[in-house]
Amino acid sequence: MTDLGKLLGGLLGGGGSGGGSGGGGAGNLLGLLLGALGGSKGASGGLGALLQQLTQGGLGSQAQSWVGTGDNHPVSGAELAAALPDQELDALAQQAGLSREEAADRLAAQLPGAVDQLTPSGEVPSPATLEQLFGKQN
């Protein structure tokens, strides 16, 4: 598992192990998604890339609410699936052993809180700050 998956698993109370229901823990899903969207930048580029993708997909107000210090606006699995690249969500679902809809629903349930916890000051951390966070999760 990636360091990002461990971090997000811990943030979400899953320990990053993915145990339990079919091995597709929410931390694993988020880690896989952020890693995939980050491309060669890995985890450090993943959060910014995810927020940009959601904004381009019509979920900018929800994404900004998760980063900001106010209430987190909810998002549905269907909305998230429509905003994310099909190939990324399909690959994510396959890796997690879930249907596309179940993967989107799980992400939608956990993403607002995870982004909120990764942006406690109301700003997306710099890649260097994220790398420091991920490096401490070994």
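Helices (H or I, at least four residues) and strands (E, at least two) are taken here as DSSP runs, numbered from the N terminus. On this basis the predicted chain follows the pattern α-α-α-α-α-α-α along its sequence, with seven helices and zero strands. The structure is a predicted model, in which local features need pLDDT of at least 70 and side-chain atom pairs count only at pLDDT 80 or more, whereas totals for chains, interfaces and linings use all residues. Residues are numbered from 1 along each chain as its sequence is written, and side-chain values use heavy atoms, with hydrogens and water left out.

Confidence is expressed as pLDDT, the predictor's confidence in each residue, from 0 to 100. The chain averages a pLDDT of 74, and 63% of the residues score at least 70. Among the elements of the chain, helix α1 (residues 3–11) has the lowest mean pLDDT (43), and α4 has the highest (95). Over residues 1–24, pLDDT stays under 50, although the model has 56 contacts beyond four places in sequence for this segment, a contact being heavy atoms within 4.5 Å. Residues 40–44 likewise stay under 50, with nine contacts beyond four places in sequence. Where pLDDT is low, the predicted coordinates should not be read in detail.

Of the 138 residues of the chain, 43% count as buried (under 20% relative accessible area, with exposed over 50% and partly exposed in between; 1.4 Å probe, protein chains only). Residues 24 or more positions apart account for 63% of the contacts in the chain with a separation of 6 or more.

A nonpolar core is defined as a set of buried Ala, Val, Leu, Ile, Met, Phe, Trp, Tyr and Cys residues joined through side-chain atoms within 4.5 Å. The largest such core contains 29 residues, of which Leu54, Leu80, Leu107 and Leu111 touch the most other members. At least two residues of this core are supplied by each of α2 (26–38), α3 (43–67), α4 (77–83), α5 (86–96) and α6 (100–118). Beyond its neighbours within four places in sequence, Leu54 is in contact with Leu59, Gly60, Ala63, Trp66, Leu80, Ala83, Leu84 and Leu111. Ala63, found in helix α3, is buried, with a relative accessible area of 0%. Its C-alpha atom lies 7.9 Å from that of His73, ten residues away in sequence.

Leu107 lies in helix α6 and is buried, with a relative accessible area of 1%. Not counting residues up to four places away in sequence, Leu107 touches Leu29, Leu30, Leu33, Leu80, Leu89, Leu92 and Pro112.

The buried residues of α6 include Ala103, Ala104, Arg106, Ala108, Leu111 and Val115. At 1.5 Å a residue, the 19 residues of α6 should span 27 Å, which agrees with the 25 Å between its end C-alpha atoms; the expected span is 1.5 Å times one less than the number of residues. A kink of about 40 degrees lies at Gln110 in α6, shortly before the proline Pro112, the bend being the angle between axes fitted to the seven residues ending at a position and the seven starting there.

Thr119 lies in the loop between α6 and α7 (127–135). At 1% relative accessibility, Thr119 counts as buried. The side chain of Thr119 reaches the backbone oxygen of Trp66 at 3.5 Å.

How values were computed:
Polar contact = N/O pair within 3.5 Å; in protein donor to acceptor, adjacent residues only side chain to side chain.
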